[in-house]
Amino acid sequence: MKPFEKCPVCGGELEDKQVEKLLRGGGNTVSMKVAAEVCLHCGERLYAEDVVKSFEEIRSKLRKQEFSYLKTLGRSFTVEANWPNKAIQPTT
Ligand SMILES: [Zn+2]
């Protein structure tokens with residue numbers, strides 16, 4: 001089911017694509033591939049309503065540090081604020 005026929009931003013043609021999406025919450029990041037409609041003209045990404053709902057679910061899981069259905073893909077770190085070289089600072 002196509003939620004849109006034309007791009008609601010510029011009226012351009014839409015193409016079904018798999019796009020990379022990053023969601024952040026509670027200091028964690030989840031990356032995934034998502035089916036989206038992408039505007040060939042302006043690059044706007046459109047997601048189906050149930051997909052947007054899933055994004056919200058994932059964000060809320062991250063905020064609650066609840067990781068069912070989520071798979072660890074390595075680990076990302078930042079440095080501690082007390083790292084000896086002050087030229088290097090944590091990202092958050
Ligand atoms: Zn567009």
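Strand E1 (residues 14-25) and strand E2 (residues 28-39) run antiparallel and are joined by 12 bridges. Strands here are DSSP runs of at least two residues (E), helices are runs of at least four (H or I), and both are numbered from the N terminus; two strands pair if DSSP finds at least two bridges between them. The model is a predicted one, in which local features need pLDDT of at least 70 and side-chain atom pairs count only at pLDDT 80 or more, while totals for chains, interfaces and linings use all residues. Residues are numbered from 1 along each chain as its sequence is written.

Asp16 has Glu37 in E2 as its bridge partner, and Leu22 stands opposite Ser31 in E2. The two strands form a hairpin with two residues between them, and Gly26 in this turn has a positive phi of about 55 degrees.

The next pairing is between E2 and E3 (45-46), which also run antiparallel and are joined by two bridges. Val38 has Arg45 in E3 as its bridge partner, and Glu37 stands opposite Leu46 in E3. Glu37 is also the residue in E2 that partners Asp16. In this second hairpin five residues lie between the strands, and Gly43 takes a positive phi near 80 degrees.

Taken together, the three strands form an open antiparallel sheet in the order E1-E2-E3. E1 and E3 are its edge strands, each pairing on one side only. Helix H1 (residues 49-63) packs on the sheet and touches E1 and E2, its direction making about 15 degrees with that of E1. Such angles run from 0 to 180 degrees between N-to-C directions, with axes fitted as lines to C-alpha atoms, for helices over the stretch in contact. From the N terminus on, the elements follow the order β-β-β-α.

How many of the 12 residues of E1 are buried? The count is one, where buried means that 20 or more other C-beta atoms, placed from the backbone, lie within 10 Å of the residue's own. Over the 92 residues of the protein, 4% count as buried.

The radius of gyration, taken over C-alpha atoms, is 18 Å, whereas a compact globule of 92 residues would have one near 12 Å; the globule rule is 2.2 Å times the number of residues to the power 0.38. Along the principal axes, the C-alpha atoms fill a box of roughly 55 × 30 × 20 Å.

Technical notes:
Two residues are in contact if their C-beta atoms, placed from the backbone, lie within 7 Å.
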